Amino acid sequence: MTAAVPVISLSLPVDRFAQDFGASFERFGFAMITDHGIDPALIDAAWTKARAFFALSEEAKRAYHLAGLGGARGYTPFGVEIAKGAKEVDLKEFWHVGRDLPEGHPLAAQQPNNVWPDEVPSFRTTFETLFAEFDRVGGRLLSGIARYLDLAPDFFDATVQDGNSVMRLLHYPPVEGPAKGIRAEAHEDINTITLLLGAEEAGLEILDKDGSWLPVAPPPGAMAVNVGDMLQRLTNNRLPSTTHRVRNPDAGRAGVARYSMPFFLHFRSDYPIRTLENCIDAAHPNLYPTPITADAYLQERLREIGLRK
């Protein structure tokens with residue numbers, strides 16, 4: 001019987017949710033989450049605003065491409081990002097929304113403030129609201145992971161407070177003819193956990209332990225959630241950051257654009273990622289004996305995928 005990533009309701013009792021969610025993360029590095037509580041009307045508005053932005057002229061969009069920021073905020077054009085070790089760039093363009101910090105905040109140097117497009121009405125208010133909702137749901141998910149790992153339920157609260165989280169609005173244009181690359185080459189996420197809306201459109205796949213590719217297709221309105229490299233490192237690989245990709249569409253869907261919204265939930269930039277003691281034992285020696293701050297780790301990885309030089 002083919003393995004399948006579980007669908008788990010966030011409305012379950014907290015201990016039951018923690019067990020089911022953590023077990024899915026440990027087995028697949030992924031889970032599909034229903035009943036997350038983000039207003040469907042807000043999500044619909046976000047899709048409308050994202051489509052409106054990506055429909056702008058190339059000149060208008062490139063006015064929001066900020067050199068020297070590694071794509072941290074604003075627009076990143078089509079054909080820039082490349083997966084680590086890949087030969088072809090990904091077939092996508094995207095916009096990043098991050099966390100605005102007040103002037104003088106000790107983490108402000110690592111987290112530039114947002115820019116906003118003038119051409120799309122209510123773009124800022126819509127995505128500031130959605131960012132806050134992703135942040136809220138992410139906190140609940142991390143509390144479940146903490147319980148699964150026998151940590152205090154609020155263990156992750158301080159690690160992500162004012163964290164360098166990023167919401168990405170993704171546009172994969174229609175694929176015309178035989179393409180050199182695919183929409184998103186096989187890769188792992190850099191961050192702590194990723195919350196993804198928009199995976200109902202076929203294409204998202206994860207690399208299972210036997211080398212096969214498993215489709216991840218959440219029910220309508222649900223989100224796919226996965227382990228990032230930072231959480232994998234923190235847990236000494238107990239929770240795996242699973243390789244995943246977005247393959248090109250089948251012939252019948254090749255002329256259809258794909259949109260998605262991942263929220264890359266990050267630790268604080270100054271958080272030292274140090275292997276959890278309860279994830280180390282004789283059978284699982286510490287694979288990461290030298291701690292590294294979240295920002296140093298992020299910059300290292302951004303260089304590998306072409307967003308930093």
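The questions below concern a predicted model, beginning with a single residue and ending with a sheet.

Q: Why is Gln232 called buried?
A: Buried means under 20% relative accessible area. Gln232 has a relative accessible area of 18%, so the residue is classed as buried. Its place is in helix 6 (residues 229–234).

Q: Which residues is Gln232 in contact with, leaving aside neighbours within four places in sequence?
A: Contact requires heavy atoms within 4.5 Å. On that basis, Gln232 touches Val227, Asn237, Leu239, Pro240, Ser241 and Tyr288.

Q: How do you know that strand 2 and strand 10 pair?
A: Pairing requires at least two bridges between two strands. Strand 2 (residues 30–34) and strand 10 (residues 223–227) share 4 bridges, so they count as paired, in the antiparallel sense. Within strand 10, Val225 is the bridge partner of Ala31.

Q: What makes strand 1 and strand 3 edge strands?
A: The open sheet of 8 strands runs in the order 1-2-10-7-12-5-4-3, with mixed pairing. Strand 1 (7–9) and strand 3 (74–76) each pair on one side only, and these two are the edge strands. On average, neighbouring strands of this sheet are turned by 25° against each other, direction ignored.

Conventions. Residues numbered from 1 in each chain as written. Predicted model: local features only at pLDDT ≥ 70, side-chain atom pairs only at ≥ 80, totals over all residues. Heavy atoms only, no water. Axes fitted to C-alpha atoms, helices over the stretch in contact; angles between N-to-C directions. Buried < 20%, exposed > 50% of the residue type's maximum accessible area, 1.4 Å probe, protein only.
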